[in-house]
Amino acid sequence: MVGGKSLGDRTFSVTNTVIMVVIMIVTVYPFWYAIISSLNSGIDLQRGPVFLWPRIFTWASWRAVLADPGLLSAAWITISRTAFVTIISIFYTAMFAYAFSRPYLKWRKWYMALGFTSMYFSGGLIPSFLLINWLHLYDNYWVYIIPSLFGGFWNVIILNANYKAIPDALFESAKLDGASEFSIFLRLVLPLSKPVLAALSIFTAVGIWNDYGTTLYFTQSNELQTLQYLILKLLQTSSAVEQLSSSASLSNPAVSELLSLAQGQGEITSRTIELASMVIASIPMVVMYPFAQRFFISGVLLGSVKG
């Protein structure tokens, strides 16, 4: 035994560290590869892949993507949609889950059966399209908001388990003080549920941010395109550079000329445009995670009940 640790303990620590480092590299490197490839000269990238850093550094691909006139509109649609849906959906779902967690709720078993059924069976694309069209939400901004206001029964199950972990003594004390159910939910339940609400908020935000199916099936206007759908169009186009140039020529001929010049000099190719688009679209979600990390490690009931 050396330094208070046995050989088995030191072997476990080293093995665990090596495994964690390998997992981290495997997880992070694809994103790093996309970044350095998008910042590399397009014509040089065609000669062979880069692995650690760009061989010929250039911002041309990023400037080309950010110059796309449809990008700002798509970014606004995606950001506003993600913010609205995440906040309202989490609040509505948390409120429903609180009512569902109370044993005195009427028809609770019926709600449970309906919720579990919705987890395994859906209406399907055609009935959903007909419903959206009947509600006059087709090709409307609200098609991004209204159908997503309820977060799903799986989130209800997670929140329900969290609420049941809160001691009944807290609810009884609040009711003795004259608090209503809504006051208990706002002033007691929500503050004690910050970690699980933060986790579900991130999962919801990532899911909404990455969704392109709503745009694909329920909109047709260019003004309602989201970032992910814009990237999908770039990936499916034989030449992403030509698509950006044609889009820019309609609103800003100078940008179109700049793109053509950069392409002629070999600074950008369809491959670097695609990679730059994916990296730029993923940056907000990557930045958001560290700010929400502190909620994951805080305790739900720390100091809420005195023995």
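Predicted model: local features only at pLDDT ≥ 70, side-chain atom pairs only at ≥ 80, totals over all residues.
Select Glu 181 and Lys 175 first: their side chains meet in a salt bridge, with 3.7 Å from N to O. The term salt bridge stands here for a side-chain nitrogen of Lys or Arg within 4 Å of a carboxyl oxygen of Asp or Glu. Side chains of opposite charge can pair when their charged atoms come close. Glu 181, at 31% relative accessibility, counts as partly exposed, and Lys 175, at 40%, is partly exposed as well.

Residues are numbered from 1 along each chain as its sequence is written, and side-chain values use heavy atoms, with hydrogens and water left out.

**The whole chain**

Now display the whole chain and colour it by secondary structure. The chain has 15 helices and zero strands. Helices (H or I, at least four residues) and strands (E, at least two) are DSSP runs, numbered from the N terminus. Of the 307 residues, 39% count as buried. Contact means heavy atoms within 4.5 Å. Among contacts between residues at least 6 apart in sequence, 72% join residues at least 24 apart.

**The other salt bridge**

A search of the whole structure finds two salt bridges. Select Asp 211 and Arg 81, whose side chains meet in a salt bridge at 2.5 Å, N to O. Asp 211 lies in the loop between α10 and α11 (213–218) and Arg 81 in helix α4 (residues 69–101), so the pair ties together parts that are 130 residues apart in sequence. Is Arg 81 buried or exposed? At 2% relative accessibility, Arg 81 counts as buried.

**Helix α10**

Next, select residues 194–209, which form helix α10. This helix has 16 residues and reaches 22 Å from its first C-alpha to its last, close to the 22 Å expected at 1.5 Å a residue. The expected span is 1.5 Å times one less than the number of residues. The buried residues of α10 include Pro 195, Leu 200, Ile 202, Thr 204, Ile 208 and Trp 209.

**The largest pocket**

Select Pro 147, Ser 148, Phe 150, Gly 151 and Gly 152, the lining residues nearest the centre of the largest pocket. On a 1 Å grid over the protein atoms alone, a pocket is an open set of points with protein on both sides within 12 Å along at least five of seven lines; a cavity is a set of points where a 1.4 Å probe fits but cannot get out; and lining residues have an atom within 4 Å of a point. The largest pocket has a volume of about 960 Å³, a volume being the space filled by probe spheres set on the points, with grid points joined across faces, edges and corners.

The lining has 31 residues. The elements that give two or more residues to it are α4, α5 (108–120), α6 (125–134), α7 (153–164), α10 and α11. Which element gives the largest share of this lining? Helix α6 does, with five residues. By class, the lining has 18 nonpolar, 13 polar and no charged residues. Here Ala, Val, Leu, Ile, Met, Phe, Trp, Tyr, Cys and Pro count as nonpolar, Asp, Glu, Lys and Arg as charged, and the others, Gly among them, as polar.

**The loop between α6 and α7**

Move to His 136, in the loop between α6 and α7. His 136 has a positive phi of about 60 degrees although it is not a glycine, and at 66% relative accessibility it counts as exposed. Asp 139 lies in the loop between α6 and α7 too. Asp 139 has a positive phi of about 55 degrees although it is not a glycine, and it is partly exposed at 26%.

**The cavity**

Finally, select Val 65, Leu 71, Leu 230, Ile 231 and Ser 277, which lie nearest the centre of the largest cavity among its eleven lining residues. The structure holds one cavity of 30 Å³ or more, and the largest cavity has a volume of about 80 Å³. Helices α12 (227–236) and α15 (270–297) each supply at least two lining residues, and α12 gives the largest share, four. The lining divides into nine nonpolar, one polar and one charged residue.

Leaving aside its neighbours within four places in sequence, Leu 66 is in contact with Leu 71 and Ile 280. The C-alpha atoms of Leu 66 and Ala 276 are separated by 9.4 Å, although the two are 210 residues apart along the chain.

Notes:
Buried < 20%, exposed > 50% of the residue type's maximum accessible area, 1.4 Å probe, protein only.
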